[in-house]
Amino acid sequence: PEHPRHNDPADSGPGAPGGLFAWLRGRCLGRGVAVDPARDTFGAMTGLYGAIQPADSVSLSTRTHGAVFNLEYSPDGSVLTVACEQTEVLLFDPISSKHIKTLSEAHEDCVNNIRFLDNRLFATCSDDTTIALWDLRKLNTKVCTLHGHTSWVKNIEYDTNTRLLVTSGFDGNVIIWDTNRCTEDGCPHKKFFHTRFLMRMRLTPDCSKMLISTSSGYLLILHDLDLNKSLEVGSYPILRARRTTSSSDITSSGSSGPRAVGSPCHQNNSGPLSEKVLSRPSQREGGSPRNSLEVLTPEVPGERDRGNCITSLQLHPKGWATLLRCSSNTDDQEWTCVYEFQEGAPVRPVSPRCSLRLTHCIEEANVGRGYIKELCFSPDGRMISSPHGFGIRLLGFDAHCSELVDCLPREASPLREIRSLYSHNDVVLTTKFSPTHCQIASGCLSGRVSLYQPKF
């Protein structure tokens, strides 16, 4: 009998010689060495956003809870939590849009941020200077209350490797909490880092870096992060302050220096750190120093000679980039900017280190002055959801919602507007993608929460 031809399509299916596994292996090899199944999955989900519409809105009375400051989904997407201006935390089923629970006195002042530690345990922080731990299985009482900050607590992060909770506040302190030894009276804690005019703090997905933004327009990066080592003045190396650039040449040096910033959040006339009081410790044996500090003044379009305040700070889910929302010194402009992480040594040995490069940006609606607008990446990192006036904009790196690594420009390029969604009657302050469903949530100044999902 005639031997089958190897290039016959009829012989390349699951019934071909070798069986199903050989066929799957052939498909895998044909797609290249690195195959990421999640990439195809999220690629399909990205396509669904083209049909997204305001699916359901939950009208919440402003008489009790006030503005919505933060939205957070549980890791499995089964619960949506809402941090409110007037001491409350609201919980919803995001699929049915039904109200689950109201924590009416979660704190004694504004609730600013919510962070899930796992699918059951979550933390909240407040202007009452405390952090509270909650368990979804027993919401009638807090697991414990954490005391340590002396001013408004604005940010919570969690290191899943060490199970350390990390918080930051307007007192300028970053505090580490040992949740491994948590009791009803609290958790052991220590001050990890301090800088003036601190706004936001984030950990990269692999917890190898800590990024801190300030109201004076500085971005601080702690490299090779070691949360077990407290940092005091003089105990860590500092890398020269400088402005990031939008070009591929990162060799130009110079810092914008201390600037006066007229932010609604802070007034200041000095930079966050003084290099004169910082010393370089000896490097770890056989490696680079831990917690080395880099001070940057990120370039913002139109702000080259003017100060700015970095009000929102987010990280790409794969750790490729950071997302900033910046307001101008005079508060008459707002920008969303994406900065790619540039790893490795400087291009020239004499040049200062610069880990970030401006790749994409877009001007935002200058409304709701004095309030922080929180942006977010989609779970696959292909899109950005940004508060824009009385709604949100879905932004992509290109018109096809490509991944960042596939469309890095030589010079800073505009973010592409994929879709605009408006269903609020007040300024939107926060937005969040669901981690598991094709759904987006947004919350506004008057207390309304809107959910968006595809409609066909």
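**Close-up views of a predicted model**

**View 1. Residues 146–178.** The end C-alpha atoms of residues 146–178 are 11 Å apart, and this span is 64% strand and 0% helix. Strands (E, at least two residues) and helices (H or I, at least four) are DSSP runs, numbered from the N terminus. The model is predicted: local features need pLDDT of at least 70 and side-chain atom pairs count only at pLDDT 80 or more, while totals for chains, interfaces and linings use all residues. Residues are numbered from 1 along each chain as its sequence is written, and side-chain values use heavy atoms, with hydrogens and water left out.

**View 2. Residues 104–137.** In this span, 53% is strand and 0% is helix, with the end C-alpha atoms 17 Å apart.

**View 3. An open sheet of four strands.** The strands run in the order β25-β26-β27-β29, with antiparallel pairing. At the edges lie β25 (376–377) and β29 (416–422), each pairing on one side only. Two strands pair if DSSP finds at least two bridges between them.

**View 4. The pairing of β27 with β29.** Six bridges join strand β27 (residues 391–396) to β29 in the antiparallel sense. Opposite R416 in β29 stands G396.

**View 5. The whole protein.** The protein holds two helices and 32 strands.
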